[in-house]
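I opened this notebook to keep a record of what I looked up in one structure. The entries follow the order in which I went through it.

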Amino acid sequence: MSSLRELVAEELSQPVDPRVSAMAGAIANKHGAASRAVLFYGSCLRQKQLDGLMLDFYLIVSDYRAAYGKTWLAAANRLIPPNVFYFEQDGLAAKYAVLSEADFHRLNGPKTSSVSVWARFAQPSRLVWASDKGAASRAIDAVTQAAPTLLAAARPNPGEQSLDLWRRAFALTYSAELRAERKSRAASVVDLEPDRYERFSQPALEIARSLRPVGTWAGRRVEGKALSVLRLAKASFTFAGGADYIAWKINRHAGTAIELKPWQRRHPLLAAISLLPRLLSSGAVR
């Protein structure tokens, strides 16, 4: 039986489309010597499709001050991590979130009640760029925490089958954020790669049994939805085309047909606020 870290390292090292690697390198180059690692994750990785979709990356940096030329961006990243930015290259579009190495390690582990990072990195991802072997090793260490934290927070039920545990765990995390996806989305993440989750189950559970994650699910829901709103507000300043992206994502996952007005494109924060009541009442966002 391979250790969990070995499984994570093997998964992170799997090859990706050369265009993904090229974009990761360009994102890292944009932030200079502060860049430590870039990870690729999300629906484009799962579906193995890039064209016409939005690629998802996490950029890991040594220090927020070193990563930005503007002090307010560093302060925003530190207070409400992560910052999210839009990026285009060679006909592909992406968004990338920025975290320091210290925050990436902390937010993947059991000492944070926010589900945002450990829920995502309990799923498959790829380490597509690293500044050196030390940066790569620290990224592997951080990601290795994610699956045990998720399973420990879900608290396995007696006799529960491993895949059912993963499905229930992801459903809990989806309920702890503002999500545009249908309720079946959490199960589909597992059902797309059942062998992968079976393989990760035993070594992740062995670690999970010794963990005591902070918070309760009721508390995580309140915190997660509040943080989602704050991050959305912050992204209106950092994310070019943010309103169009939000509308595209909701339409894609919730089956809606939102069309933005010109004023909503000019004022993405006000657009998000104006759309939220209708989206909540319709169930498009939960």
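**Entry 1: a loop residue**

I began with Asp90, which is found in the loop between β3 and β4. The model is a predicted one, and I kept that in mind for every entry. I looked up the backbone of Asp90 and found phi near 50 degrees, a positive value in a residue other than glycine. Is Asp90 buried or exposed? At 68% relative accessibility, Asp90 counts as exposed because the cut-off for exposed is over 50%.

**Entry 2: another positive phi**

I noted Arg155 next, in the loop between α9 and α10. Arg155 is not a glycine, yet its phi is positive, about 55 degrees. Its relative accessibility is 64%, so Arg155 counts as exposed.

**Entry 3: a cis peptide bond**

I then checked the peptide bond that joins Pro81 and Pro82 and found it cis, with omega about -5 degrees. Pro82 lies in the loop between α5 and β3.

**Entry 4: the chain as a whole**

I stepped back to the overall figures. The chain has 16 helices and five strands. It has 286 residues, and buried residues make up 52% of them. The exposed surface comes to about 13300 Å², with 56% of it supplied by carbon and sulfur atoms. I also looked at how far apart in sequence the contacts reach. Of the contacts between residues at least 6 apart in sequence, 72% join residues at least 24 apart.

**Entry 5: Ala93 in a strand**

I picked Ala93, found in strand β4 (residues 92–100). Ala93 has a relative accessible area of 17%, and it counts as buried because the cut-off is under 20%. Which residues does Ala93 touch, not counting those up to four places away in sequence? They are Met23, Leu53, Met54, Leu55, Tyr86, Phe87 and Glu88.

**Entry 6: the nonpolar core**

I asked how many residues the largest nonpolar core has. The number is 78, and the residues with the most contacts inside this core are Phe40, Leu55, Phe57, Phe104, Trp166 and Phe170. Leu55 had already come up as a residue that Ala93 touches. As background, nonpolar side chains in soluble globular proteins tend to be buried together.

Leaving out residues up to four places away in sequence, Phe170 touches Ala119, Ala122, Gln123, Leu150, Ala186, Val189, Val190 and Tyr197.

**Entry 7: Arg167**

I moved to Arg167, found in helix α10 (residues 162–175). Arg167 is partly exposed, with a relative accessible area of 24%. Beyond its neighbours within four places in sequence, Arg167 is in contact with Ala186, Ala187, Val190 and Asp191. Ala186 and Val190 are also among the residues that Phe170 touches. I looked up Tyr197 as well: Arg167 and Tyr197 are 30 residues apart in sequence and 10.0 Å apart in space, C-alpha to C-alpha.

**Entry 8: aromatic rings**

I found that the structure holds 13 aromatic pairs. I looked at Tyr68 and Phe85, whose ring centres are 5.9 Å apart; their planes are at 45 degrees, so the pair is tilted. This pair links distant parts of the chain, 17 residues apart: Tyr68 is in the loop between α4 (64–67) and α5 (71–79), and Phe85 is in strand β3 (residues 83–89). Both Tyr68 and Phe85 are buried.

I also noted one aromatic cluster, formed by Tyr41, Tyr58, Phe104 and Phe121. Phe104 was listed in the core entry too.

**Entry 9: charges over rings**

I looked up two arginines. The charged end of Arg196 sits over the ring of Phe200, 3.9 Å from its centre. For Arg220, the charged end sits over the ring of Trp217, and the distance to the ring centre is 4.5 Å.

**Entry 10: helix α1**

I ended with helix α1 (residues 4–12). Which of its residues are buried? They are Leu4, Leu7, Val8, Glu11 and Leu12. Seen down the axis of α1, these buried residues fall within an arc of 125 degrees, so they line one face of the helix. An α-helix has 3.6 residues a turn, so residues three or four places apart point the same way. The cover over the buried residues of α1 includes β1 (35–41), β5 (125–130), α8 (133–144), α9 (146–154) and α12 (194–208).

Note on methods: Residues numbered from 1 in each chain as written. Predicted model: local features only at pLDDT ≥ 70, side-chain atom pairs only at ≥ 80, totals over all residues. Heavy atoms only, no water. Phe/Tyr/Trp six-rings, centres within 6.5 Å; stacked < 30°, edge-to-face > 60°. Helix = DSSP H or I, 4+ residues; strand = E, 2+ residues; numbered from the N terminus. Buried < 20%, exposed > 50% of the residue type's maximum accessible area, 1.4 Å probe, protein only. Lys NZ or Arg CZ within 6 Å of the ring centre and 35° of its normal. Core = buried A, V, L, I, M, F, W, Y, C linked by side-chain atoms within 4.5 Å. Contact = heavy atoms within 4.5 Å. Areas by Shrake-Rupley, 256 points an atom, 1.4 Å probe, with all protein chains shown as cover. Arc of directions from axis to C-beta.
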